[in-house]
Amino acid sequence: MIQDAQVIAGFTGAGISTESGIPDFRSPGSPWMRHKPISFELFMRSAEARREAWRRKFAMDDLYRGAGPSLGHLGFASLVATGRMPAVITQNIDGLHQASGLGEDQVIELHGNGTYARCLSCGCRHELDWVRQCLDADGEPPNCRICGGILKSATISFGQTMPEGPMRQAQRLTASCDLFLVAGSSLVVYPAAAFPAFAKESGARLVIVNREPTPLDEAADLVIHAEIGSVFSEFVS
Ligand code: NAD
């Protein structure tokens with residue numbers, strides 16, 4: 001199918017990063033399920049929720065510091081290098097597709113990126129090290145250096161609007177591809193999980209590589225229930 005395809009859309013979820021040592025969301029024992037998520041509405045309303053969100057974020061960053069790209073990430077990078085996969089649409093926030101060598105325009109991040117912070121008022125980007133230093137020194141997260149607005153990890157929280165640009169790019173790629181290749185997603189988080197179904201409806205072939213069954217397995221042209229590294233090591237060049 002890869003050999004036949006003219007335009008391939010890649011689509012990844014947290015499962016592609018488990019072999020990098022970052023646990024996924026829904027597998028048993030997930031550290032992401034330990035606390036009730038802080039919704040966007042609560043983050044905006046409560047200074048205590050903002051302090052707690054930053055504390056949790058830096059604790060998780062400490063656990064997974066040093067994680068590098070897996071064979072899965074490298075396999076996708078090799079597919080992009082063929083020139084037939086314009087970009088990888090990802091639900092991940094860990095920046096590991098970029099770390100595998102993909103450029104900013106070759107990764108479409110539906111849920112943002114947890115490797116930096118953004119001002120919710122002016123959109124200005126801030127480095128996490130500086131946020132952390134301020135939090136450690138004052139016990140309070142800093143405000144935006146430019147406009148004084150509230151800073152947040154540049155990820156999309158529950159209840160936060162999906163980012164317009166990446167959603168548009170993902171729609172365009174999904175509509176134009178003839179092969180849609182999913183790896184490491186339970187395909188239950190919407191609206192992201194709508195893209196594989198949309199690709200199929202638009203006439204593309206759908207391939208799903210995932211350890212466990214997904215709700216879209218029946219609609220797919222090929223389903224491989226296996227470890228991502230064992231499948232994608234074939235492509236690493
Ligand atoms: P998910 O946790 O719901 O599903 C991951 C799927 O990957 C599972 O079905 C699991 O069986 C499979 N899987 C795990 N390791 C695998 C492996 N080595 N080989 C094959 N399959 C494997 O993840 P999701 O669908 O991406 O949704 C979770 C949400 O949580 C996303 O929105 C994402 O933003 C967020 N999240 C991101 C990260 C990250 O950036 N690394 C980590 C955890 C959660």
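Residues are numbered from 1 along each chain as its sequence is written. In this predicted model, local features need pLDDT of at least 70 and side-chain atom pairs count only at pLDDT 80 or more, while totals for chains, interfaces and linings use all residues.

**Exercise 1.** Locate His 111 and determine whether His 111 is buried or exposed.

Solution. Step 1: the unreviewed UniProt entry annotates His 111 as "active site"; such annotations may be inferred rather than shown by experiment. Step 2: His 111 sits in the loop joining strand 3 (107–109) to strand 4 (112–119), strands being DSSP runs (E) of at least two residues, numbered from the N terminus. Step 3: a residue is buried with 20 or more other C-beta atoms within 10 Å of its own, exposed with 12 or fewer, and partly exposed in between, with C-beta atoms placed from the backbone. His 111 is buried because it has 20 C-beta neighbours inside 10 Å. Step 4: beyond four places in sequence, His 111 contacts Gln 91, Ile 93, Thr 155 and Ile 156 (contact: C-beta atoms, placed from the backbone, within 7 Å).

**Exercise 2.** Identify the residues with the most contacts inside the largest nonpolar core.

Solution. Step 1: a nonpolar core joins buried Ala, Val, Leu, Ile, Met, Phe, Trp, Tyr and Cys residues through C-beta atoms within 7 Å. Step 2: the largest has 38 residues, and Ala 9, Ile 89, Phe 180 and Leu 181 have the most contacts inside it. Step 3: a second, separate core of eight residues includes Trp 54 and Leu 151.

**Exercise 3.** State how far apart the C-alpha centres of domain 1 and domain 2 lie.

Solution. Step 1: an automatic or database assignment supplies the bounds: domain 1 is 1–22 + 69–110 + 162–237, and domain 2 is 27–66 + 112–155. Step 2: their C-alpha centres are 27 Å apart.

Methods
Helices (H or I, at least four residues) and strands (E, at least two) are DSSP runs, numbered from the N terminus. Two residues are in contact if their C-beta atoms, placed from the backbone, lie within 7 Å.
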